[in-house]
Amino acid sequence: MLIRGKSKFRAPHSSSTRGIPRQSLTSAVADKLREMIIRGEIQEGEQLRQDALADEFQVSRIPIREALRQIEAEGLVQIVAHHGAIVSSLSADEIGELFDIRALLESDVLQLSIPNLKEEDFQKAEEILEIFNKAL
């Protein structure tokens, strides 16, 4: 989108130059719930109570309810009448697909972040890799 100046057209400041990512509260809650489900912190079949989540995340129930609807559309939870949201059970194929997608996305994010990494970031990565190798 171009903004008309007094004598010429100029491009507006892009969001990448401002450096402040914008995210709605609902999106932040949905991201956190998604991460907790994928990492197994919330087990499949577990009921998600809006009031408990609102207390844990220190938000009102409205962004919780909207976030649950958002991740329901992704198939991570099922909203059942009179039971609330329940974490969906994923098949082995679905889990594999999620990990494949995550691997693709994370490699792209890493590639974009490398120019901004500092020496301490590389040291931390080495420590994590060492822990990972010992765990194997």
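In what order do the elements of the protein run from the N terminus on? They go β-β-α-α-β-α-α-β-β-α-α, which gives the protein six helices and five strands. Keep in mind as you look around that this is a predicted model.

**The overall picture**

Let's start with the whole chain. The protein has 136 residues, and buried ones make up 17% of them. Its accessible surface comes to about 11,000 Å², with 55% of that belonging to carbon and sulfur atoms. As for contacts with a separation of 6 or more, residues 24 or more positions apart account for 49% of them.

**Inside: the core**

In soluble globular proteins, nonpolar side chains tend to be buried together. Here, the largest nonpolar core has 19 residues. Leu-33, Leu-48, Phe-57, Ile-64 and Ile-71 are the ones with the most contacts inside this core. At least two core residues come from each of α2, α3, α4 and β5, and α2 gives the largest share, with five residues.

| Element | Residues |
|---|---|
| α2 | 25-38 |
| α3 | 50-57 |
| α4 | 61-73 |
| β5 | 84-87 |

Leaving out residues up to four places away in sequence, Ile-71 touches Ala-30, Leu-33, Arg-34, Ile-37, Leu-76 and Val-77. One of these, Leu-33, is also on the list of core residues with the most contacts.

**A serine in a loop**

Now hop over to Ser-88, in the loop between β5 and α5 (92-113). Is Ser-88 buried or exposed? It's buried, because its relative accessible area is 11%, and the cut-off for buried is under 20%. Not counting residues up to four places away in sequence, the neighbours that Ser-88 touches are Glu-44, Gly-75, Leu-76, Val-77 and Gln-78.

Phe-122 sits in helix α6, which spans residues 119-135. With a relative accessibility of 40%, Phe-122 counts as partly exposed, because that value falls between the 20% limit for buried and the 50% limit for exposed.

Conventions
Residues are numbered from 1 along each chain as its sequence is written. This is a predicted model: local features need pLDDT of at least 70, side-chain atom pairs count only at pLDDT 80 or more; totals for chains, interfaces and linings use all residues. Side-chain values use heavy atoms; hydrogens and water are left out. Helices (H or I, at least four residues) and strands (E, at least two) are DSSP runs, numbered from the N terminus. Buried means under 20% relative accessible area, exposed over 50%, partly exposed in between (1.4 Å probe, protein chains only). Contact means heavy atoms within 4.5 Å. Accessible areas come from the Shrake-Rupley method with a 1.4 Å probe; for residues, only the protein chains shown count as cover. A nonpolar core is a set of buried Ala, Val, Leu, Ile, Met, Phe, Trp, Tyr and Cys residues joined through side-chain atoms within 4.5 Å.
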